[in-house]
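Have the model open as you read.

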Amino acid sequence: MNKQATVIEDEKRIALHTLRHSLSHIMAAAVRRLRPDAKLAFGPPVENGFYYDFDFAGNPIGEGELQQVEQVMRSIIKAREPFTREEKPCDAALRYLEEQGEVYKLEYAKELMEQGKAANGMLSFYTSGDFTDMCEGPHLEHTGQVPKNCFKLDRISGSYWRGDEKRPMLTRIYGLAFASADELKEYVEMRKRAMERDHRKLGEELDLFIQDTEVGVGLPLWTPNGTVLRDELEKWARETEFLAGYQRVTTPSVTRKELYIRSGHVPYYEDSMYPSMPVDENDEYYLRPMCCPHHHKIYASRLRSYRDLPLRLCEYGDVFRYEKHGSLSGLLRVRAMCMNDAHIYCAPEQIESEFHNVITMYQMYYGHLRMGNFRVRLSLHDKNSDKFVDRYDEWERNEDIVRGVLDSLGVEYEEETGEAAFYGPKVDIQVKNLMGREETVSTCQLDFVMPERFDLTYVDADGERKRPYILHRAPLSTHERMISFLIEFYGGAFPTWMAPVQVRLVPVNAALLAYAREIERELRGEFFRAEVDDSGESFNKKIRNAVTRKIPNIWILGEKEKVDDCVAWRRYAVKEQQTVPRRAALDMLRKMRTERVMDNFADVALPLLQPDAV
C-alpha cells in the first residue's frame, strides 16, 4: 500500500472511531432520558460498533427496550445537538461527579489523577443537549453528522466493573455502527452467515463437545465425534514430527512451585494460572499452564554434546490457564486445553535453519488445511517496557535472525512492537474468523533467556560448555482453538480423513441390509469409521439425515449395486452421484485417508469417481 493510500485508510479509521465514540455518547444520553437513575461506567468504541456499561440498581434494561432506546437516539440525532468539550480542574471534576452520584466515573477519575494521566491537572467532559459525560473524546461536531441508518442497537449482556468478578455486575448495551447504511447491512448479513457456522452451534448439532456447569466453565468435554477430530490432528502431527526428527516425550500436568519460580512464570504469570495446591508440609504444586519447563528439565537431565543438537522434543500436553470468566468462549478460549507443543534446543549456528524448517512446517499445515485467511506477525520487544529481559543487543540480533528467515521464505509479515514473549521474539499466525475477528492461533518463539535460567548447556567440538538456544513452537495450536476454527471454516463438513463418520451406508430397502453389513464389516476391518443406517426412516429421510450430519461419503446400496458389486457414491461437497466398483471405492477411501485428501472442497477431483473410470 502506498503512502497516500495509507493516509486515506488512517483517516477513514479515525473518522469511524469518532463516529462510534459519538454514538456511544448518544446512546448513554438516550438511556438517561429513559432511566434517569442509571449510573454510567465505560462506553468506548469497539470493533464493529460501540457499547456502554450501566448500573441500573437491580432493575436492568431488557432486550425489548432496545428499540425504545434507539428511537430516542434518533431523535437526538435529528435535533443536531452540538458536542461541547469542557475541561475541569481535577478537584472540580471530582466534586461534580460526586454530586451527580457517578460512583464509577468518580473511581476512574481518581485513578487517572493518581497515575498522573490527567493532562495539566484537568479532566475533559462532553455535553450534548442536557447530557454531560466525563470523556476524553473525540466526538463529532454535532449529533446530526451521524449518517442515516448507519447504526442499530444489537444486544445486552452482563459485564463486571473493570472486568473483576468480585466487583458489581453491570449491564452492557452493544451497538453496531458503520460509515454507511449499506456497510451496516452488509455486516449484518455476513454475521448471519457466520452465526450459522458458529463452532458452538455446530458443535452441539454435530455432537462434537459439550460444556457442563457441574464440570466447570471453560472445561469442555469431548464426545466420541469430537475426539475423532482431536485424534486425527494428533496422528497427523505425530507422523509429521517423526519424519522431521522430533522425539516424543510425556510429562506431568502438575509441578512444584519452585519450577515456575525458576522459569519466571511465578510471580509474573501467576494471575493466569490456577491457584497453587498445598501438598505435604511447606510444599505447593501448580497445574501447568505450559509444557516448557518440563521439557527443559528433560534436556538438563544429562550432559549434552553438540552432536546431540538440534534436539527436538515434542508433546501433545494438557495445560491449564485461568482465563477470566467473561473471556471464555466455546472452544476458542478455555481453561483446559491440549497443546501441540515442542521445543528445539540448538546451537547458535543452527537457529536459522531450524526456524526455517519450523516456518516451512507451518506453511505446510495451513496450506493443506486451506486456512488461507491469516496474516503473519513478527512480534518484537519494546525498549520502553519492563516486560522484556534487559539484554537489548541480543534482542536486536535475534529479531534480525527471525526477520531474515521470513524474508528468505518470501513470507509477507507485519512487525508489531511490544508483542514478543518476555524471553524472545516470535512469529504469530493471526487467523481471522468468519466475522473478521483476529486471533493468534499458532506461534513460534526464539528463546535466549530460559537456557540461562535453567542452566542448560552443551559441550561444543572444542570441549567447552555453551548455552543452546530454544525454539518454542506449536503449529497446530491447541486442539480446542484449532478445531474451533476448522469447524467454522468448513461449516462442520470435514474431509474424509478427519470426519467422525467417514462412510454412511444406506440400503434402499430392508432386503439389502445384509449387503450393507457385509461392506460395513470390511470397512471397519480396515479401521474406517463406517456405519449402516438401519433406521425405520424412509430412504429420502435417510439421505437427508446423512447430509444434515455432514457425512463426507454416502454409499447408496440398491439391488443393482449388490448384483454388480458396486456402490452408488455421493460426496457431501459434490452434487453428482456416481456408481463405482466396490474394490475401486475401497482403494479410493484408502488414498483419501493416507494422503489426507481435502475432499470437503468441491474442486478436489477424485480420479476413480470420474465417469470414464467406471
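Predicted model: local features only at pLDDT ≥ 70, side-chain atom pairs only at ≥ 80, totals over all residues.

## Arg248 and its partner

Arg248 is partly exposed, with a relative accessible area of 33%; on this scale buried means under 20% relative accessible area, exposed over 50%, and partly exposed in between (1.4 Å probe, protein chains only). Its salt-bridge partner is Glu241, and the closest N and O atoms of the two are 3.5 Å apart. A salt bridge here is a side-chain nitrogen of Lys or Arg within 4 Å of a carboxyl oxygen of Asp or Glu.

Residues are numbered from 1 along each chain as its sequence is written, and side-chain values use heavy atoms, with hydrogens and water left out.

## Other salt bridges

Side chains of opposite charge can pair when their charged atoms come close. How many salt bridges does the structure hold? There are 54. One of them joins Arg33 and Glu81, at 3.1 Å from N to O. Arg33 belongs to helix 1 (residues 3-34), while Glu81 sits in the loop between helix 2 (66-78) and strand 4 (84-89), so this pair ties together parts that are 48 residues apart in sequence. Helices (H or I, at least four residues) and strands (E, at least two) are DSSP runs, numbered from the N terminus. Arg33 is partly exposed at 38% relative accessible area, whereas Glu81 is buried at 12%.

Arg162 and Glu111 also meet in a salt bridge, 3.0 Å from N to O. Here Arg162 is in the loop between strand 7 (151-160) and strand 8 (169-177) and Glu111 is in helix 4 (residues 103-114), so the pair ties together parts that are 51 residues apart in sequence. Arg162 is partly exposed, with a relative accessible area of 32%, and Glu111 is partly exposed too, with 23%.

## Two buried residues

Where is Arg504 found? It is part of strand 24 (residues 503-507). Arg504 counts as buried because its relative accessibility is 10%. Leaving aside residues up to four places away in sequence, Arg504 touches Glu531, Asp533, Ala546, Arg549, Ile551, Asn553, Ile554 and Trp555; contact means heavy atoms within 4.5 Å.

Ala421 lies in the loop between strand 18 (413-417) and strand 19 (426-432). With a relative accessibility of 11%, Ala421 counts as buried. Not counting residues up to four places away in sequence, Ala421 is in touch with Phe388, Trp395, Lys426 and Gln445. Val389 is 32 residues from Ala421 along the chain, and 9.6 Å separate their C-alpha atoms.

## Domains and where they meet

The domain assignment gives domain 1 (3-190), domain 2 (227-253 + 288-485), domain 3 (254-287) and domain 4 (503-613); the bounds come from an automatic or database domain assignment. The centres of domain 2 and domain 4, taken over C-alpha atoms, are 40 Å apart. Eight residues from domain 2 and seven residues from domain 4 take part in the contact. About 710 Å² is buried between domain 2 and domain 4, with carbon and sulfur atoms giving 48% of that area. Buried area is the accessible area (1.4 Å probe) that two parts lose on being put together, summed over both.

How many salt bridges are counted between domain 2 and domain 4? The count is three. Asp603 and Arg370 form a salt bridge with their closest N and O atoms 3.1 Å apart. Helix 7 (residues 224-243) gives the most to the side of domain 2 that touches domain 4, contributing five residues.

## The chain overall

The chain has 18 helices and 28 strands. Its C-alpha atoms fill a box of roughly 90 × 75 × 60 Å along the principal axes. Of the 614 residues in the chain, 51% are buried. Among contacts with a separation of 6 or more, 71% are between residues 24 or more positions apart.
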